[in-house]
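Please read it alongside the sequence and the structure shown here.

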Amino acid sequence: MTTISPRTSRPVDHLVLPVVELDTARARLEALGFTVAPVGVHPFGTENACVYFNDNTFLEPLAIGQRETCELEARKGNVFVARDQAYRFRNGQDGFSGLVLGTEDAKADHREFVKSGISAGEVLDFSRAFKTPEGKEDTASFRLAFASDLRAPDVFFFTIQRINTPKVDRTTLQTHKNGALGLREIVLSEINPTDFQYLLQELVNQRDVNAHSFGMDIRAANANITVLTPAGLRSFLGLNASENERGLRLQAFVVGVRDLAAVETLLANNNISTEKRGSRLIVHKAPGQGAAIIFEAA
């Protein structure tokens with residue numbers, strides 16, 4: 001009898017959130033109760049100001065630092081920059097463009113993505129300086145392997161391998177006024193979610209998929225990835241998606257917090273409107289926040 005070896009699911013690592021400018025994103029995220037890291041500069045023209053959680057996931061607000069450098073790197077085949085530019089061209093400067101999974105071997109992932117027919121281009125290696133709010137510095141080095149589907153031009157995926165992790169204490173960066181602990185769920189939309197089942201199975205390295213009348217769920221090692229129909233998106237989250245446009249789109253993410261009532265009070269004091277749906281608190285898109293953020297008690 002032939003047996004199928006179980007797969008080890010990849011963990012969600014971080015989310016790529018294009019923004020017009022980092023100052024606007026920082027102000028918005030801090031008003032939401034997040035601690036935002038100092039600016040990090042990429043060697044290919046983009047820059048970020050990340051929000052780190054103590055479950056080793058994070059948010060990456062991403063801005064254009066040097067446009068000429070970005071355009072040159074895209075022409076040279078840098079998939080990260082090319083996909084960021086394509087997203088901004090089609091969707092505007094504030095949004096939610098990328099879902100990133102963690103890996104211990106990006107080169108092996110690339111070979112598997114090529115074999116599976118979902119590779120989006122060549123592996124990318126790069127390093128950047130890392131600084132804590134206290135001023136301590138180190139160098140972070142990464143290797144990225146990209147996956148995509150031509151039917152879904154408005155989202156891109158990659159796995160990330162940490163070649164060198166900065167030897168700095170991130171405790172301050174991982175402590176948030178809103179009590180955020182980490183990412184619990186990533187929400188996408190599509191008219192017929194199961195059309196992208198194979199792509200997500202290969203990306204997450206997970207065979208099991210829970211299909212239901214409003215979409216499907218696939219479990220990463222540390223978070224749930226949900227793809228909802230437009231009707232499901234409205235019913236569950238009060239969010240709108242086109243009933244006619246095909247292709248995956250990243251819509252929202254769920255952050256686990258220590259105390260939901262405390263978050264609700266914090267946001268009210270900061271004049272941020274919210275929508276309560278069951279045990280969840282939804283903050284809809286705003287300048288500097290290109291995706292809906294959903295808070296729920298961890």
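What covers the buried residues of α6? The model is a predicted one, in which local features need pLDDT of at least 70 and side-chain atom pairs count only at pLDDT 80 or more, while totals for chains, interfaces and linings use all residues. Residues are numbered from 1 along each chain as its sequence is written, and side-chain values use heavy atoms, with hydrogens and water left out.

The cover includes β10 (180-189), β13 (224-228), β14 (249-257), β15 (275-277), β16 (280-283) and β17 (292-297), helices (H or I, at least four residues) and strands (E, at least two) being DSSP runs numbered from the N terminus; contact means heavy atoms within 4.5 Å. In helix α6 (residues 230-237), Pro230, Gly232, Leu233 and Leu237 are the buried residues, where buried means under 20% relative accessible area (1.4 Å probe, protein chains only). These residues lie on the same side of α6 because they cover an arc of only 160° around the axis, taken from the directions from the helix axis to the C-beta atoms. Just after α6, glycine 238 has a positive phi of about 70°.

The structure also holds 13 aromatic pairs, defined for rings of Phe, Tyr and Trp (its six-membered ring) with centres within 6.5 Å, and classed as stacked under 30 degrees between planes, edge-to-face over 60 and tilted for the rest.

How values were computed. Buried means under 20% relative accessible area, exposed over 50%, partly exposed in between (1.4 Å probe, protein chains only).
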